[in-house]
Amino acid sequence: MADQEVYRGLKGVTVDVTEASFIDGEAGKLLYRGYNIHDLAEHSTFEETTYLLWHGKLPTRRELEHFDSQLRVSRTLPPEILEIIRLIKSAHPMDVLRTAVSALAAFDPDVNDNSFEANIRKGIRLTAQFPTIVAAHARIREGKEPVPPNPNLGHAANFLYMLHGKEPDEVSARALDVDLILHAEHGSNASAFSVRVTASTLADMHAAIVAGIGTLKGPLHGGAAEAVMAMVKEIGKPENAEAYVKKALAEGKRIMGFGHRVYKTEDPRARHLRKLAKEMGERMGQPEWYQILTKVEEAMAPLREKGIYVNVDFYSGSVYYLLGIPEDLFVPIFAMSRISGWVTQVLEQWKDNVIIRPLLKYVGPMDLPYVPIDQRVEAA
Ligand code: SDX
């Protein structure tokens, strides 16, 4: 075998082409289907952004109204899924989401139809049902009845309604809507790559999405926002931040919410979450979280020389916290957004499919003789 170059973690390896998102890690630029994330965060909604990602164009008013109505009528869960959630209510919310989505495959009439049209139908159902699963579990584990979806509310507002049992104010609903836009799609991140690998074998949409959920859970990926909030609570006061960071770095620990495989400057999504964290903190009379976060960011400034800046997960946790969302729901909320990107990746993989099967470089022994068991020496 010719000597194999090994790229651990597939660092710097381009595995396919995409039209879904453009990421410039040096410039800190992100486009969804050619549109800048700053424009989408400012002017779009999660529903409109999801349509853009799946269909490759901004919808007309009529197209958006139709798409939005399809999402609204697809939010309810089969009763069996609620029963499964009750049975595993003490599990981590990401494990409940993964299990519920896996079970949903058994109730989906299109499960084995991998046509574009069927995948759009399944994508609509999954995108609409993720919030219902997350909110229902949050209520059930507190001994409360799930709140049925409200078809009169938009996607983000309806989630907060199902979670808290009361309609959110406009500002809170918009804060979550912007967060969902920002987390929707991000190229071949670990969970999207898992989705692509599963789709590349021609397994079904549900199987691919379950793989994505399992992958996103890891603290090096989607789990960072939960870890950031735990850190902020541990720091307690802004004046403690610098010493906390210095000590953690001296001990070789990583500060969650910083660093990125692609961005070697500030993650362009972070500025919108930094702004939301500040505004929500002031509005809710809890400015201390944002004050602690900015002090941590200041203390991490020296690492910018190594290309380590805030990423999308650094400020998002405090926004969720201020929206009254428990910390262990932070990653499920990331998944509620990234389902739109995962569906995009499945659609794109199947446009021109090739099975994804990289190599490993073998470094073990060669051609050993088989030894009968009676001749094997027991370890001392
Ligand atoms: C997301 O890929 C995506 O697009 C993901 C995402 C998306 O939208 O899907 O953007 C969402 O997952 C954001 C990242 C959330 N994760 C975290 O915040 C966890 C903390 N960050 C990291 O562990 C790390 O930065 C990664 C995993 C995100 C990226 O790791 P890489 O590219 O493999 O870099 P590395 O682990 O090789 O680190 C390079 C150097 C190391 O120092 P040296 O050993 O070279 O001296 O940078 C250091 C690391 O120790 N480093 C950090 C650090 N992250 C990297 N040091 C302190 N704190 C950190 N957070």
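1. Buried means under 20% relative accessible area, exposed over 50%, and partly exposed in between (1.4 Å probe, protein chains only). By that scale lysine 278 is partly exposed, with a relative accessible area of 37%.

2. This is a predicted model: local features need pLDDT of at least 70 and side-chain atom pairs count only at pLDDT 80 or more, while totals for chains, interfaces and linings use all residues. Residues are numbered from 1 along each chain as its sequence is written, and side-chain values use heavy atoms, with hydrogens and water left out.

3. Lysine 278 forms a salt bridge (a side-chain nitrogen of Lys or Arg within 4 Å of a carboxyl oxygen of Asp or Glu) with glutamate 282, the closest N and O atoms being 2.8 Å apart. Both residues lie in helix H13 (residues 270-283), four residues apart, about one turn of the helix. Helices (H or I, at least four residues) and strands (E, at least two) are DSSP runs, numbered from the N terminus.

4. Salt bridges that share partners join Asp108, Asp110, Arg121 and Arg125 into one network. Within it, the closest N and O atoms of aspartate 110 and arginine 125 are 2.6 Å apart. Aspartate 110 counts as buried, at 11% relative accessibility.

5. The whole structure holds seven aromatic pairs (rings of Phe, Tyr and Trp, its six-membered ring, with centres within 6.5 Å; planes under 30 degrees apart are stacked, over 60 edge-to-face, the rest tilted). One of them, tyrosine 51 with phenylalanine 67, is edge-to-face, at 5.5 Å centre to centre and 85° between the planes. Phenylalanine 67 is buried, with a relative accessible area of 2%.
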